[in-house]
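Hi,

Here is the structure I promised to pass on. Have a look at it first, and my notes follow below.

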Amino acid sequence: MRPDYRFTHKHILGIDHLSCDDIEHILQVAESFKEISSRSIKKVPTLRGKTVVSLFFEPSTRTRLSFEIAAKRLSADTFAITTASSSATKGESLIDTAKNLEAMNPDIIIMRNAISGSPHLLTRHIKTSVINAGDGTHEHPSQGLLDLMTVKEHKQRIKGLKLAIIGDIAHSRVAHSNIIGFSKMGASVTVSGPATLIPRNVERLGATVCLSVREAIRDADVVMPLRIQMERQNDALLPSFKEYAAFFGINRQTLEAARPDALVMHPGPINRGVELTPDVADGSRSVILDQVANGVAIRMALLYLVLGNA
Amino acid sequence: MTLIEGLLLKNGRIIDPANAVDRKGDLLIQDGKIVAVSPGGRISRGRHRNLAVYDCAGKWVVPGLIDMHVHLREPGEEYKETVESGTRAAAAGGFTAVACMPNTRPVNDNQSVTRLILEKAQAAAHARVYPVGAISKGSNGETLAEYGEMQQAGIVAISDDGRPVINSQLMRRALEYAGNFNLPVISHAEDPALSRNGVMNEGAISTMLGLRGIPTAAEEIMIFRELALAEYTGRPLHIAHVSTAESVALIRRAKDRGCRVTAETAPHYFTLTEEAVLSYNTLAKMNPPLRTAADVAAIRQGLLDGSLDAIATDHAPHSTMEKEVEFDLAANGIIGLETAVPLTMALVREHGLSPARMVELLSVNPARILGVAGGSLATGRPADVTVIDPELEFCYTEEMVVSKSKNSPFLNQQLKGRAVLTILDGRITFNAAEI
Ligand SMILES: [Zn+2]
């Protein structure tokens, strides 16, 4: 890290606009916050008097809760607006919704939206800091960061590792953020899955495409199957879950190609028996619950750092 | 007050490829007609004491520009544009005529809508308006619209622009039936199954932004079908808004075989790439979408070598309600009438497009394809004339925009070359000196 390094971001829209120094710094701050979560009184006054609003246009239990716990542990006041529908179907434009919120002077808006780029739109129209909690199929930066943190904790490094991401790359903002984040930090990222679910020119994000799942996993340090969604069958992208599980699912046998100390990660929620067999999900290589725990620490770090620049 | 007897354009570079003219000279307009052109010579004031004289030294005097693909939004979406505001924007961009697409509300699929548009155009009198009628009733792609009645009311071509004709049999019947009326058929070429839900070109940028892509093949497959049907029926076909390299190649090969196909592209397809979408700029969202640098290069080449016949703006006004929203929800299209000349001038300066070829693309060929008057500075013709200052630099600001909608990706950019005088039937419809 450069000696004169300073974290200067007012918004966290994606990992693509974070530098390696930014990522290192966020991980460091998150590590230091992690200790708070293990105390008996899990609260510090760091963000007392600050208002954090979460604006979720897509149902989400984990991410919303994780952000909320993170904010509360830093003593911020939290408010949640959850709506299953997009703002458009509600009749109010996203910009109007955001401007109304802004008028109430929140310090930070955490937004999840089914449309890629919607947090970017928000930042062009309001002055409040925005953290992207997942936009369409674009990015999910806090998830990418918590995955980096989890791998770093177990492997003490990111550089030189091989990450294999398996499954619906095309519709996964987690895959996008991880491809960008891990390759930025010096890991090699291989993606695999049904070719219908590998986006065109994904190499430009920093990934190598390998259509054989076994080859993709070979010598991997981290194997990350993604959640496969039922809709993909209806869109003629997949014939059936049964076939998916047989050819693209991760089980004990496919995992043999990976390094013996390979970690298994999953952004959740898991379709057990489809993209991941239960024995692997619950096995000794699985760090899935570490991911969840680190999620709170990463989100504390992001709130703290962004508000430090607001 | 003295009665102006006419206009004398002096010392301009007269570029009139239809009559093989490209020389300095004078042009005299009286009673709405071109009465004398003197390339290489002078026209004296003579007995005409009350001529309005315009010094055109350093400027180009060309036949009035014709935009064969605009959306005037009237009837139905007058908050975006009206025939009046759209034709005023046309005049400000140097156009003396526009062909307006039928995707209004209601669709221009019958003579009463055609008549309404023409009445509005006549009242406004800023530019000639050539309505394009729908191929199918309601542009629903199911049954043929009444081409004969619409032609009597004033349409010059048919198209279901805005959406493709999915049913190949209907497209074939449209080509055949249009033959009875000598109406060209304009195709919006898109395979909707391939482009479904797409919001930008499919490729590196769409993957990077997490936006659903529209593959180039969506356009090319449909162009291939249209060419097959045009050749099979022997009927003339015009392809609208060509955006990909392979589309240009397909059209070139079809022309070489003798297929009666013509094609247009829009200034944004030879100026911008898909990278304009980065940062989720909805002003760069259009259909077909902006493509890659290789496509842009092929489009430019197509304009130079004759594979493409016309530059048309696909002027598509939208209000901020349709554009200042999430990218997926934003409407397709940009305004283009007022930026076509400067953007084409960039091709002249930087990519070897000759001024005469520019005039062919923006005037001569659109007139020929649509079978309408114009595209020539021959004496006796209605005086539709555009004067272009190739050196004039300006910053294209929102305040300058004449169109009712301001959805242009070129706002606040420095542009060079623009129409300074637009003359329709011998009457000045736009004069840059007065703004
Ligand atoms: Zn079209």
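Which residue just after α2(B) takes a positive phi? That is A125(B), with a phi of about 60°. Keep in mind while you browse that this is a predicted model.

Helix α2 of chain B runs over residues 111-124. The buried residues of α2(B) are V113(B), T114(B), I117(B), A121(B) and A124(B). They cover an arc of only 105° around the axis, so they sit on the same side of α2(B). Turn to the other side of α2(B) and you'll find E119(B), Q122(B) and A123(B) exposed. As for what covers the buried residues of the helix, the list includes α1 (83-92), β7 (95-100), β8 (128-133) and α3 (147-153) of chain B.

Two of those covering elements, β7(B) and β8(B), also pair with each other, in the parallel sense and over four bridges. In that pairing, V98(B) stands opposite V129(B) in β8(B). Zooming out, β7(B) and β8(B) belong to an open sheet of eight strands in chain B, ordered β6-β7-β8-β9-β10-β13-β14-β15, with parallel pairing. Its edge strands are β6 (65-70) and β15 (310-311) of chain B, each of which pairs on one side only. Another helix to look at is α4(B), which lies across β9, β10 and β13 (237-239) of chain B and runs at about 150° to β10(B).

Now for the metal. Which protein residues are donors of the zinc ion? They are D161(B) through OD, H188(B) through ND1 and H241(B) through NE2, at 1.9 to 2.2 Å from the ion. Along the chain these donors follow the spacing D-x26-H-x52-H. D161(B) and H188(B) are 27 residues apart and link distant parts of the chain. D161(B) is in the loop between β9 (157-159) and α4 (168-179) of chain B, while H188(B) is in the loop between β10 (185-187) and α5 (192-195) of chain B.

Happy browsing!

Methods. Residues are numbered from 1 along each chain as its sequence is written. Chains are lettered from A and ligands numbered from 1 in the order in which they are written. This is a predicted model: local features need pLDDT of at least 70, side-chain atom pairs count only at pLDDT 80 or more; totals for chains, interfaces and linings use all residues. Side-chain values use heavy atoms; hydrogens and water are left out. Helices (H or I, at least four residues) and strands (E, at least two) are DSSP runs, numbered from the N terminus. The expected span of a helix is 1.5 Å times one less than its number of residues. Buried means under 20% relative accessible area, exposed over 50%, partly exposed in between (1.4 Å probe, protein chains only). The arc is that of the directions from the helix axis to the C-beta atoms. Contact means heavy atoms within 4.5 Å. Donors are N, O and S atoms within 2.8 Å of the metal (3.2 Å for Na, K and Ca); water is not among the atoms, so sites may look incomplete. Two strands pair if DSSP finds at least two bridges between them. Axes are lines fitted to C-alpha atoms, for helices over the stretch in contact, and angles run from 0 to 180 degrees between N-to-C directions.
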